[in-house]
Amino acid sequence: MEITVVHYLILSAAMFGLGLWGVVLRKNLLIVFMCIEIMLNAANLTFVALARYFGKVEAHVVVFFVMAVAAAEAAVGLAIVIMMYRNRQTIRTDEWKIMGG
Amino acid sequence: MGETILFYIFGGLALLMVFLTVVQKNPVASALCLVLALFNLAGLYVLLMAPFVAVMQVLVYAGAIMVLFIFVIMLLKLRDQDLIDDQVTLPKLISLPLAALFIYILVKKFLTLGPLAFPPVDANFGAPKEVAGVLFSKYLIPFEITSILLLVAIIGVVLLAKKESR
């Protein structure tokens, strides 16, 4: 069966759902960050598949920007994680609950 | 025919690696599975005639961001009591059908679109020359703003991660 754009969209939806499941499920903050990167990559795959379908190269440029912003966000997020670890020696999301009731 | 096989190989491996990333207890193993998933995605990008994006993915995502992740994982020296109770055991796998339900809602909508085959495009569709032609003419201002964003991120990271000097 020929591969259509719907195949790529379904694959991207599956990846996004698995990343979302990981963000909600895991307590290790680093793995939560990795699942956020999975979701960003699923969005990138959607962009590239639709670029091929519509024949427009602009979506490749959007993917380029998404990668740049993801790099900046990963760097700043990991720096914050390092600070949090220095402060309390834990990176579990259920240990940080100062603002909770 | 070859494209079909390659799509299923790359796509299946990417999904498997993403699943392994989510369920593993050891964060280093998770990071390495994610690197493999990113490589498989780069293969999918090549299938979609996006060679520039594929190489960017390998260089930036798998080559820089994941290396940064692994550095930080190694730096933090996680002990067992940080990782305990975080393992995805069978009771937690019961939540997977909820995620599958979310995916299914999206997939059902996509399937109503009907089989949309890829129209033929120019031979050098996603070549760096084409992407650069758009990037440096129509999207020049976002490009420059992105470089300012990266500068701000660098300054922020250096300030956040530096040790307190007492």
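This is a predicted model: local features need pLDDT of at least 70, side-chain atom pairs count only at pLDDT 80 or more; totals for chains, interfaces and linings use all residues.

## Labels and the values behind them

Reader: Why does Leu6(B) count as partly exposed rather than buried or exposed?

Author: Leu6(B) has a relative accessibility of 37%. Buried means under 20% relative accessible area, exposed means over 50%, and partly exposed is in between, with a 1.4 Å probe and protein chains only. Residues are numbered from 1 along each chain as its sequence is written, chains are lettered from A and ligands numbered from 1 in the order in which they are written, and side-chain values use heavy atoms, leaving out hydrogens and water.

Reader: What makes the stretch around Leu6(B) a helix?

Author: Leu6(B) is found in helix H1 of chain B, residues 2-23. Helices here are DSSP runs (H or I, at least four residues; strands are E, at least two), numbered from the N terminus.

Reader: Which residues make the nonpolar surface patch?

Author: Met1(B), Ile5(B), Leu6(B), Ile9(B), Leu13(B) and Leu16(B) make a patch of about 570 Å². Patches take residues with over 30% relative accessible area and no salt bridge, joining nonpolar side chains (Val, Leu, Ile, Met, Phe, Trp, Tyr) within 5 Å and like charges within 9 Å. The areas come from the Shrake-Rupley method with a 1.4 Å probe, and for residues only the protein chains shown count as cover.

Reader: What makes the largest nonpolar core a core, and how many residues does it have?

Author: A nonpolar core is a set of buried Ala, Val, Leu, Ile, Met, Phe, Trp, Tyr and Cys residues joined through side-chain atoms within 4.5 Å. The largest one has 75 residues, and Tyr8(A), Leu30(A) and Leu76(B) have the most contacts inside it. Among the elements that give two or more residues to this core are helix H2 (29-54) and helix H3 (58-88) of chain A, plus helix H3 (51-76) of chain B.

Reader: Which residues is Leu76(B) in contact with?

Author: Contact means heavy atoms within 4.5 Å. Leaving aside neighbours within four places in sequence, Leu76(B) meets Leu30(A), Val81(A), Ile82(A), Tyr85(A) and Ile91(A).

Reader: Why is Leu78(A) called buried?

Author: Leu78(A) sits at 1% relative accessibility, which is under the 20% limit, so buried it is. Leu78(A) belongs to helix H3 of chain A. Not counting residues up to four places away, Leu78(A) touches Leu30(A), Leu68(B), Phe69(B) and Val72(B). Leu78(A) and Leu30(A) are 48 residues apart in sequence, with their C-alpha atoms 8.0 Å apart.

Reader: What makes Glu58(A) and Lys138(B) a salt bridge?

Author: A salt bridge is a side-chain nitrogen of Lys or Arg within 4 Å of a carboxyl oxygen of Asp or Glu. In Glu58(A) and Lys138(B) the closest N and O atoms are 3.1 Å apart, so the pair passes. Glu58(A) lies in helix H3 of chain A and Lys138(B) in the loop between H7 and helix H8 (140-161) of chain B, so the pair joins two chains. One salt bridge is found over all chains. Glu58(A), at 23%, is partly exposed, whereas Lys138(B), at 55%, is exposed.

Reader: Why point out the phi of Met49(B)?

Author: Most residues other than glycine have a negative phi. Met49(B) is not a glycine, yet its phi is positive, about 60°. Met49(B) is in the loop between H2 and H3 of chain B. Gln89(A), placed in the segment after H3 of chain A, also has a positive phi, near 60°.
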